[in-house]
Every structure is written in structure tokens, then in C-alpha cells.
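Thanks for making time. I have one structure to go through, and I will start with the overall layout before turning to single residues.

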Amino acid sequence: LKNIIFKITTVLIRCMCIHYMELAFLLINCEQNKDDTVLKKLIQFPGIKEVTKVFGVHDLVAKIEARTTSELRQKIIPIVKNIVDIRSVLTLKSTNA
């Protein structure tokens, strides 16, 4: 019985944490023909949940999550500074509405 209660509590805590996560989308422009390279590097960064190639003004869209807005900022800055093939990044922070 204790084991079952522990498992249920763990699941509930995880659900509560997911609900209160901060979320942002990064609209990324890459150097010419470097979108695959940037994509492979992006998925190695903590907080990056999903990256997809897109057609249009931007080359990639990345979904990033963190517990707080401050932590979100701390995760985004190294991405912009350390991936040399990124030309520009536009960050769209979710309002969680």
C-alpha cells in the first residue's frame, strides 16, 4: 500500500511541475546550409524539448522549457553564444494563458 501511495504521489508531483513550467519558442536563422548542424547541436542543450526545420523566414523552431523565467533565460543565452552557425534568434515566451 505504501508503494502504491508513493507512486501516485510521484505522478501527481510530476503533473504539477509540468503545469508550472515556463515555455518559450526560439525562431532561429542559421548560416547557409547549416540548419542540420545547428539542429544536432540544439538537441544536446538542457531544456530543449523539440526542434524542427521550417520553411519561410526562419530555418528552425525550438521549444525550450524551464522551471522559472530566470532559468529559461540562463538556458537560452548559452545556445545563442555557443552555436557559431546561428545567425539570429527571436525568442517567443509563452504567456501560459
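Three helices and four strands make up the secondary structure of this protein, and please keep in mind that the model is predicted. Going along the sequence, the order is α-β-α-β-β-α-β. The protein has 97 residues, and 28% of them are buried. Among contacts with a separation of 6 or more, 66% are between residues 24 or more positions apart. The exposed surface comes to about 7,100 Å², with carbon and sulfur atoms supplying 60% of that.

The largest nonpolar core contains 18 residues, and the ones with the most contacts inside it are Ile28, Leu42, Ile48, Ile64 and Ile79. Two or more residues of this core come from each of β1 (22-30), α2 (35-42), β2, β3 and α3 (69-82).

Take Ile28 as one of these. Apart from neighbours within four places in sequence, Ile28 is in contact with Leu42, His58, Asp59, Leu60, Ala62, Ile86, Ser88 and Val89.

Leu60 is on that list, and I want to stay with Leu60 for a moment. Leu60 belongs to strand β3, residues 60-66. Is Leu60 buried or exposed? Leu60 counts as buried because its relative accessible area is 0%, and the cut-off for buried is under 20%. Asn29 is 31 residues from Leu60 in sequence, while their C-alpha atoms are 6.8 Å apart in space.

Next, the pairing of β3. Strand β2, residues 48-53, runs antiparallel to β3, and five bridges join the two.

Last, the surface. Phe25, Leu90 and Leu92 form a nonpolar patch there, and their accessible area together is about 240 Å². Leu90 is in strand β4, residues 86-93. With a relative accessible area of 43%, Leu90 is classed as partly exposed, whereas Leu60 is buried.

Technical notes: Residues are numbered from 1 along each chain as its sequence is written. This is a predicted model: local features need pLDDT of at least 70, side-chain atom pairs count only at pLDDT 80 or more; totals for chains, interfaces and linings use all residues. Side-chain values use heavy atoms; hydrogens and water are left out. Buried means under 20% relative accessible area, exposed over 50%, partly exposed in between (1.4 Å probe, protein chains only). Two strands pair if DSSP finds at least two bridges between them. Contact means heavy atoms within 4.5 Å. Accessible areas come from the Shrake-Rupley method with a 1.4 Å probe; for residues, only the protein chains shown count as cover. A nonpolar core is a set of buried Ala, Val, Leu, Ile, Met, Phe, Trp, Tyr and Cys residues joined through side-chain atoms within 4.5 Å. Patches are made of residues with over 30% relative accessible area and no salt bridge: like charges are joined within 9 Å, nonpolar side chains (Val, Leu, Ile, Met, Phe, Trp, Tyr) within 5 Å. A salt bridge is a side-chain nitrogen of Lys or Arg within 4 Å of a carboxyl oxygen of Asp or Glu.
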